[in-house]
Amino acid sequence: MKTIQLNNGQVMPAFGLGTWKSDPGEVGRAVTEAIRVGYRHIDCAWIYGNEAEIGEALQVLFDAGEVTREELWITSKLWNDCHQPEDVEGALRGTLESLRLAYLDLYLVHWPVAHRKGVAVPTSGDEMLSLDKVPYAGTWAAMEDIADAGLARSIGVSNLSVAKLGAVLDGARIRPAVNQIELHPYLQQDDMLAFCAREGVTLTAYSPLGSRDRVAAMRLEDEPVLLEDPVLATVAAKHGVSPAQVLIAWALARGTSVIPKSANPERIRQNLDATEIELDADDMAEIAKLDRHRRYVDGTFWEIEGGPYKVDELWA
Ligand code: A2P
């Protein structure tokens with residue numbers, strides 16, 4: 001299994017299972033199946049609403065001796081309503097309790113957006129708090145404290161632009177090990193890739209398959225469907241694999257970590273098999289041409305009337 005050494009020396013399996021949109025009732029089975037076929041990295045978050053079921057599945061696997069805690073890499077993420085420094089440790093402890101773990105391998109600040117405590121999904125602007133009121137640097141300092149305490153062996157960020165990541169790096173006592181962002185051939189973010197390579201921050205690619213299963217409110221009717229791209233189909237046919245497998249191999253070839261979500265046993269297996277595929281220079285050159293700066297998870301949901309966030313500023 002391909003691994004990536006983070007800037008703190010920890011070694012992370014490059015390929016993992018995404019659990020966003022894996023519903024309660026199916027996520028436990030998906031995680032169990034994934035670990036049984038050889039996945040060692042599971043990407044979770046409080047907001048996915050399914051950590052307790054994942055915890056239950058992990059417990060069964062540990063109790064049966066099918067895998068040990070030390071063999072696994074478990075990531076989770078701090079939700080936006082717990083950015084006040086005094087709320088960070090409690091949020092992490094809640095996630096650990098749900099996952100039935102003593103520590104996380106990686107804990108990320110999910111979004112550079114803050115809500116009032118207890119507001120999972122804001123419906124009005126006054127349920128959000130500006131980053132002037134809840135500075136990201138304060139949240140990051142609390143993340144450093146939980147790393148010191150050993151509750152998370154690595155800490156990182158998510159959904160940060162180059163400028164925002166640069167600001168965190170400048171002020172950090174412990175540098176973020178990872179920035180988890182949307183990355184795929186329609187959103188290649190080469191500047192980010194180069195910046196992170198220079199700064200020693202590992203990128204994890206979320207929505208690597210284009211996240212077609214996100215809720216209708218997050219989808220545009222006429223959006224381009226990544227998995228149906230003809231160039232990907234050609235590359236896939238050349239290697240005798242599926243377009244999804246090409247996307248996974250592409251992400252790994254760029255040196256990023258990648259966390260495709262599947263709740264289907266056959267596709268869970270297929271995605272793991274993709275880690276063996278070697279794309280050649282021609283394939284990479286063809287796929288490089290596909291970039292269209294298309295965000296599927298575009299952050300428009302944080303721009304609420306009367307609220308402090310604007311989409312353009314989010315990604316600036
Ligand atoms: P399913 O869970 O039924 O397998 P992303 O990781 O970009 O969020 O994409 C997840 C979506 O891609 C889900 O709809 C998932 O469906 C689907 N998917 C996962 N693996 C494959 C695959 N190998 N081929 C086609 N679709 C896939």
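Before we turn to helix packing, a word on terms: an axis is a line fitted to C-alpha atoms, for helices over the stretch in contact, and angles run from 0 to 180 degrees between N-to-C directions. Please keep in mind that this is a predicted model.

**The helix pair H1 and H2**

- Helix H1 (residues 27-37) packs against helix H2 (residues 51-63) at an angle of about 40 degrees, and their axes are 8 Å apart.
- That angle makes H1 oblique to H2, and the crossing of the two helices is right-handed.
- On the H1 side, the contact is made by Val 27, Gly 28, Val 31, Thr 32, Ile 35 and Arg 36.
- These meet Glu 53, Ile 54, Ala 57, Leu 58 and Leu 61 of H2.
- Sorted by class, the contact of H1 with H2 has seven nonpolar, two polar and two charged residues.

**The sheet**

- Eight strands form an open sheet with parallel pairing, in the order E3-E4-E5-E6-E9-E10-E11-E12.
- Strand E3 (17-18) and strand E12 (257-258) each have a single partner strand, so one side of each is left without a neighbour in the sheet.

- Strand E5 (residues 73-78) pairs with strand E6 (residues 104-109) in the parallel sense, over four bridges.
- Lys 77 stands opposite Leu 108 in E6.
- Helix H3 (residues 85-99) packs on the sheet, where it touches E5, E6 and strand E9 (152-158).
- The direction of H3 makes about 135 degrees with that of E6.

Note on methods:
Residues are numbered from 1 along each chain as its sequence is written. This is a predicted model: local features need pLDDT of at least 70, side-chain atom pairs count only at pLDDT 80 or more; totals for chains, interfaces and linings use all residues. Side-chain values use heavy atoms; hydrogens and water are left out. Two strands pair if DSSP finds at least two bridges between them. Contact means heavy atoms within 4.5 Å. Angles under 35 degrees count as roughly parallel, over 145 as roughly antiparallel, 65 to 115 as roughly perpendicular and the rest as oblique. A crossing is left-handed if the near helix is turned anticlockwise from the far one by less than a right angle, and right-handed if clockwise. Ala, Val, Leu, Ile, Met, Phe, Trp, Tyr, Cys and Pro count as nonpolar, Asp, Glu, Lys and Arg as charged, and the others, Gly among them, as polar.
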